[in-house]
Amino acid sequence: MSFAQKKSSLPAAQERRRFQRVKVHLLGRYMLPDRREFPCQIINMSPGGLALLAPGIGNVGDRVIAYLDHIGRVEGKITRIIDNGFAMTVSATARKRDKLAAQLTWLANRDILNLPEDRRHDRIVPRNPIAVLTLEDGQRMSCRIIDLSLSGTAVAAETRPPLKSMVRLGCVPARVVRYLEEGFALEFTHAQDPETLEESVTMR
């Protein structure tokens, strides 16, 4: 599947269709200009725009900031209202769009290819992403939580602990299971309680 930009020059009304869209099932949260936040479900997305089902609908032209499972932070403006939701642009640099294209290609193909990344739990972006990671030797370092689930997390930090090493994120013991472009992934030694998850991983 390719997300290459079509060669034809499109008028502004068709700008949102410069990229091919993929049907995806992604959960997330978004914030409207009045700072109200709502959960959402993405129904299709391209590197240039997306459509989502949402309980709180703004106005065409409103700026929206969204945090999406597997994708992370995106922002843009509402372009039109649809049944039970809205469509919005994705404002991004060319580099960010290339990354989004790769992420969407992976998401579209993971079931067909039976990739192992089909996670057991939905992922969220915590309200407070800054945490402390304690390494096996007791060294502590600050890190940023990219996304989080009941069974594990993706973390960005200045240095990467060795694969398979045991660490502690906040007060939660975990194992380093793989390296990512931005950091590394941790698998918790046991599934966490959703009520205390964010507090536990950010505990100092």
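Six strands close into a barrel in the order S7-S8-S9-S12-S11-S10, with antiparallel pairing. The twist from one strand to the next averages 45 degrees. (Axes are lines fitted to C-alpha atoms, for helices over the stretch in contact; angles run from 0 to 180 degrees between N-to-C directions.) Strands pair here if DSSP finds at least two bridges between them. Helices (H or I, at least four residues) and strands (E, at least two) are DSSP runs, numbered from the N terminus.

The model is predicted: local features need pLDDT of at least 70, side-chain atom pairs count only at pLDDT 80 or more, and totals for chains, interfaces and linings use all residues. Residues are numbered from 1 along each chain as its sequence is written, and side-chain values use heavy atoms, leaving out hydrogens and water.

Stop 1: Select residues 130–134, strand S7, and residues 166–169, strand S10. Two bridges join these antiparallel strands. Then pick Thr-134: Arg-168 in S10 stands opposite.

**Stop 2: the largest nonpolar core.** Select Tyr-30, Ile-42, Met-45, Leu-50, Leu-68 and Ile-71. They have the most contacts inside the largest nonpolar core, which has 24 residues. At least two residues each come from S1 (22–31), S2 (37–46), S3 (49–53), S4 (63–68), S5 (72–82), S6 (85–89) and helix H1 (94–113). Apart from this core lies another, of 18 residues, including Leu-133, Phe-184, Leu-186 and Leu-197. A nonpolar core is a set of buried Ala, Val, Leu, Ile, Met, Phe, Trp, Tyr and Cys residues joined through side-chain atoms within 4.5 Å. Buried means under 20% relative accessible area, exposed over 50%, partly exposed in between (1.4 Å probe, protein chains only).

**Stop 3: strand S6.** Four of the five residues of S6 are buried, so the strand is largely enclosed by the rest of the structure. On one pairing, S3 runs antiparallel to S6 over five bridges. Find Leu-53 opposite Gly-85 in S6. S5 also pairs with S6 in the antiparallel sense, over four bridges. Here Ile-78 stands opposite Met-88. Now show the turn: two residues separate S5 and S6 in their hairpin, and Asn-84 there has a positive phi of about 60 degrees.

**Stop 4: the whole chain.** Zoom out. Colour by secondary structure to see two helices and 12 strands. From the N terminus, the elements run β-β-β-β-β-β-α-β-β-β-β-β-β-α. Of the 204 residues, 43% count as buried.
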